[in-house]
Structures are given as structure tokens and as C-alpha cells.
Amino acid sequence: MTPDTFSVELFTQNWTAVALSAVVAAMAIGGMFAASRMLSARRHSEEKLTTYECGIPPSPYTWSNINVRFYIFAILFLIFDVEAVFLFPWAVIFMQEKINEANTLPFYAMMMFLGVLAFAIIYAWKKGVLEWQK
Amino acid sequence: MLEAILLTISLDDFIWIIVGLFAMFTCLSIVVLSLTWLERKVLGRLQLRLGPTRTGPMGLMQPIADALKLILKEDIVPASSEKALFWVAPVIVVISAFMIWVTIPGTQTAVIQNLDLGLFYIIAFSVIGILGLVLAGWGSANKYGTLGGLRAAAQLISYEIPIIMVAISVAMLAQSLDLREIVDGQNDYIYVFVQPLGLVLFFIAGLAEVGRTPFDIYFAESEIVGGPFVEYSGAHWSVFFLAEYINTFAIAALMVILFLGGWSGPVLSGNWEIIWFLGKVYVVIMVIFWVRGTFPRLRIDQLMAFAWKVMVPMSFLSVVMTAVYQFYDWPAWSLTAMSSAGLAVVGLLIFKKMTAPSKLVAEVKARREALEAQRRPAASGGGD
């Protein structure tokens with residue numbers, strides 16, 4: 001979207017639709033839950049409400065400690081996700097810059113940025129971050 | 001301030017948007033019903049079974065019977081669960097699945113509200129579903145559930161990156177994030193011809209994003225008995241699967257829009273072009289079902305390694321090659337060549353990973369048989 005086409009009307013219309021979609025989906029799902037609540041059988045017993053653990057009585061700690069092996073992936077993901085935020089606007093602007101303004105800086109700058117990121121992933125790989133930790 | 005902004009939208013528009021959204025929700029529900037039937041039929045045929053046959057002609061009423069059963073089923077909320085999280089998790093999943101359909105166009109005009117940032121919006125909102133899965137796993141206070149929720153987070157964020165990168169390379173080709181302009185940009189040639197690597201990466205990552213086999217690690221029934229969904233039943237459970245099928249349909253629709261030319265096709269014109277669109281989407285869906293019938297489930301370490309060692313570098317490469325191709329004004333076939341080379345590498349890696357273990361097994365078996373064959377005549381010879 002170029003700045004000269006921006007209008008409050010268009011902006012409102014666009015994002016009203018988005019906001020309303022959440023409301024409509026919530027209403028439809030709410031209707032479904034309500035129907036289910038009215039129609040379904042409800043005969044609860046203590047046994048039925050216990051946590052499932054292969055049929056045996058559950059061990060006392062339902063939230064037991066779990067080895068989170070994924071947090072480094074999460075950090076890596078954060079890096080790449082932030083990078084994506086930079087890439088999206090760049091992707092639709094760098095050719096315009098080149099053609100209209102003869103400005104080649106955006107292209108080379110982004111290639112350098114991607115180079116740094118490529119280095120980052122190679123470094124993570126060499127460090128063994130991408131291996132499944134025992 | 002808010003009132004001033006809201007006044008700029010007329011009441012007519014407002015009502016039409018709401019009507020359109022309800023119509024969209026109804027259509028999606030019908031599509032989901034059709035998909036469950038189709039999946040059972042196709043999987044049945046792939047396994048030399050018939051699939052559903054008893055409910056109506058060709059079992060066509062089966063989805064309706066399923067839906068009724070799920071609505072009428074008792075909805076159990078375990079006593080030890082975190083009630084609020086348990087309740088809200090499926091709602092988050094299905095709302096985020098539905099919200100991206102606001103801007104997916106069926107034809108040039110058949111769209112509820114076209115957004116200039118359509119592609120960016122879709123990618124941003126498709127990630128919110130992960131939150132719902134993690135909350136579902138945590139809220140059900142179940143060990144399998146927690147494990148499944150964490151697996152879902154790890155898997156879905158890892159496969160999100162290839163999707164983003166491939167989407168960016170398509171946005172570069174079309175020089176737009178508007179889905180309608182992306183389809184218009186494919187008038188000369190559809191993008192699969194210049195970016196076959198992108199299509200394959202998007203397909204694989206898309207499968208992982210919606211958790212279809214072979215990437216159904218996070219609710220693998222035979223390992224963690226349904227992961228985040230283990231404690232859910234009745235209406236709540238059905239909502240998760242509603243979301244899953246809506247997402248599958250969305251991924252197929254995005255593939256068609258980004259790579260296969262959307263609604264463009266010969267003969268039809270105007271809004272009838274939606275037939276082309278739906279036809280292409282259902283072809284992609286059939287391929288997804290076919291993959292489900294063919295491949296075994298991956299192990300989680302293989303899954304993560306595949307994401308970070310194959311998909312991420314390759315999707316990076318696709319961004320770089322698209323940028324270079326555009327910046328230096330190379331002819332279109334050069335991008336096809338580069339992309340095909342990348343695709344060959346991916347194909348080779350998958351082939352080696354898939355065939356190497358089976359080859360090893362075959363070798364060991366052959367060696368043992370040869371050994372036994374050698375021993376047997378010797379033993380019988382000794383007896384004489």
C-alpha cells in the first residue's frame with residue numbers, strides 16, 4: 001500500500017471485517033457449545049472426571065516436570081521471525097527502489113543481513129544446537 | 001476517537017460484512033463435512049477398504065451422523081484440569097483458523113474483505129492457533145497433554161519459518177502482498193514453473209503446520225494418545241477437528257493462490273471461475289490425503305532436524321535466488337533452473353533418508369539368508 005492510497009475509511013473497513021470475523025466465529029462456536037450443552041447427556045461421576053493415564057489411577061503430580069528440549073529452537077525461531085518482519089516490506093519495495101530511484105542499497109543491505117543470519121544458523125548448527133539433546 | 005473512526009463505515013457495509021462472515025462460516029462447515037467424508041473414502045480405497053458405505057448413498061451422510069454424535073456426546077471436563085484454559089483453548093484454535101478466511105479470495109470479487117497486507121495477515125494469524133494447542137495441553141493437566149502441547153509448539157514454530165520464507169519469495173515475484181494481485185501476477189506463467197522448490201517446501205511445511213500425517217507428532221495416537229486433545233470429548237473435541245480441517249483447506253487454498261494460478265483457467269469467466277479455484281484446491285487436498293495414506297509418521301528428532309537442516313536453509317535459498325533473479329533481470333528460465341536444482345537437493349535428501357534404512361534392512365536380511373543357505377547344505381552334508 002502506497003501512502004497516497006491510505007484512507008481512514010478503507011482502513012476501518014478492512015479491520016472491521018477482521019474484528020467481526022473473530023466475533024462471528026466466537027458466536028458460531030458458542031452456539032454449537034450451547035446446543036451441545038442442552039442436548040448432551042450429563043452424568044458425571046468421580047471416576048469419569050479423573051485424568052486419563054492409560055487406565056491406572058493418575059500419579060499425584062498432574063503437571064510433572066518435563067524436559068523442555070525445545071527452548072533453543074524457540075530462541076532461534078524468534079530471530080527468524082523478527083527477520084521476517086523486516087523481509088516482508090523489503091520484498092515488495094526493493095525493485096521499486098531500483099527502478100524508480102536507481103537505489104540499489106536495499107538489495108545489497110538485505111543480502112548482507114541474510115548473510116549474517118546464514119552465519120547465525122551455521123554457527124548454531126556447528127554448536128550442536130540443532131541436534132536432539134539427550 | 002473510536003466513534004469517529006467507526007462512523008466512517010456505513011451500516012450497510014457493516015451488515016453485509018456480518019452476513020458474508022456467517023455465509024463463509026456455513027460454507028466452511030460444509031467443506032469440512034465434505035472433507036471428512038472424502039478423507040475416509042480416499043484412505044479406505046488406499047488401504048483396499050470401502051470406507052463408509054452404510055449411511056446413505058456411498059456413505060454420504062456419514063459426516064452428518066458424526067456431527068450429530070459429537071454434539072450429543074457428553075462433554076467431560078476433568079476435575080483436576082484448569083477449567084478456564086480448558087474451555088478457551090479450542091475457541092482460540094478455531095477462531096484463528098476462521099479469521100484467515102476473511103481475506104482468502106475465491107475469485108476476483110468473491111472475498112469478504114480484501115486486505116492489502118493479505119499474505120502477511122494470514123501468516124500472522126495462522127500462528128495464533130499454536131497458542132490454543134499449548135493451552136489445551138497445559139489446561140487439561142495431563143502428562144500426555146502437556147507433552148503434546150510442547151511438541152506442538154516446537155513443531156509448529158519450526159515449520160513456520162519455511163512457510164514465511166516461501167511466502168516472501170512469492171511476494172517478491174508478484175511485488176505485492178495482496179492475494180488478488182498475486183494471482184493477477186501469474187497471468188503469463190503460474191509461479192510453480194519458476195519456483196518449483198517453493199511449492200514443494202510450502203507443501204511439506206503446510207502439512208506440518210496443520211499436523212497432517214506424516215507430521216502428526218504432537219497428537220500421535222500411538223505415542224501420546226492424542227496429545228493436547230487427550231482429555232477432550234464431545235463438542236470441544238469436534239471444534240479442534242473443525243479447526244484442523246479448516247486449516248487444511250486454507251493451506252491448500254494458499255498453495256493454489258500462490259503457486260497454481262488461483263482461479264485462472266480457460267472457459268469460465270467472472271464469478272464462475274470459483275469452480276476452477278475449488279477444483280484446484282480439491283486436487284491439492286487429494287494429494288494431502290494420498291500423502292497421509294503413504295508415509296509413516298516421522299520421529300520427533302527427525303522432524304526437527306528436517307525442519308532446521310533442510311527446510312530452513314532451502315527456504316532461505318529460495319528467497320535469495322528469487323531476489324537475485326529479480327534484481328539482475330535474469331530470464332525466467334534461470335530461476336526455474338536454480339529452483340529445480342534446489343528441489344533436486346531436497347528430493348535427494350528425502351530419498352536417502354527414506355530409502356537408506358530400508359536398504360540396510362534388506363542388506364542384512366540378504367546376508368543372513370545367504371549365511372543360512374551356506375550353513376544348511378554343510379550341516380546336511382556332515383550328517384551323511
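**Figure 1. Helices H9(B) and H11(B) pack against each other in this predicted model.** Here we look at helix H9 (residues 196–209) and helix H11 (residues 234–259) of chain B, whose axes come within 10 Å and cross at roughly 165 degrees. Axes are lines fitted to C-alpha atoms, for helices over the stretch in contact, with angles running from 0 to 180 degrees between N-to-C directions. That crossing angle makes H9(B) roughly antiparallel to H11(B); angles under 35 degrees count as roughly parallel, over 145 as roughly antiparallel, 65 to 115 as roughly perpendicular and the rest as oblique. On the H9(B) side the contact is made by B:Gly198, B:Leu199, B:Phe202, B:Phe203, B:Gly206 and B:Glu209, and on the H11(B) side by B:Ile251, B:Met255, B:Leu258 and B:Phe259. Two residues are in contact if their C-beta atoms, placed from the backbone, lie within 7 Å. By class, the residues of this contact are seven nonpolar, two polar and one charged (Ala, Val, Leu, Ile, Met, Phe, Trp, Tyr, Cys and Pro count as nonpolar, Asp, Glu, Lys and Arg as charged, and the others, Gly among them, as polar).

Numbering and confidence are as follows. Residues are numbered from 1 along each chain as its sequence is written, and chains are lettered from A and ligands numbered from 1 in the order in which they are written. Since this is a predicted model, local features need pLDDT of at least 70 and side-chain atom pairs count only at pLDDT 80 or more, while totals for chains, interfaces and linings use all residues.

**Figure 2. Helices H2(A) and H3(A) form a pair in chain A.** Their axes come within 10 Å and cross at roughly 160 degrees, so the two helices are roughly antiparallel to each other. H2(A) passes H3(A) in a left-handed crossing. From H2(A), look for A:Leu76, A:Ile79, A:Glu83, A:Trp90, A:Ile93, A:Phe94, A:Glu97 and A:Lys98; they meet A:Pro106, A:Phe107, A:Met110, A:Leu117, A:Ala120 and A:Ala124 of H3(A). This contact has 11 nonpolar, no polar and three charged residues.

**Figure 3. Chain A meets chain B.** The contact takes 54 residues from chain A and 65 residues from chain B. On the chain A side, the elements giving two or more residues are helix H1 (8–39), helix H2 (71–101) and helix H3 (105–126). Helices (H or I, at least four residues) and strands (E, at least two) are DSSP runs, numbered from the N terminus. H1(A) provides the largest share of this side, with 21 residues. In all, the side of chain A that touches chain B has 38 nonpolar, 11 polar and five charged residues.

**Figure 4. B:Phe14 sits in helix H2 of chain B.** This helix covers residues 11–46. B:Phe14 counts as partly exposed because it has 15 C-beta neighbours inside 10 Å (20 or more other C-beta atoms within 10 Å make a residue buried, 12 or fewer exposed, and in between partly exposed, with C-beta atoms placed from the backbone). From C-alpha to C-alpha, B:Phe14 and B:Tyr144 are 44 Å apart in space, and they are 130 residues apart in sequence.

Note on methods
Left-handed = near helix turned anticlockwise from the far one by under 90°.
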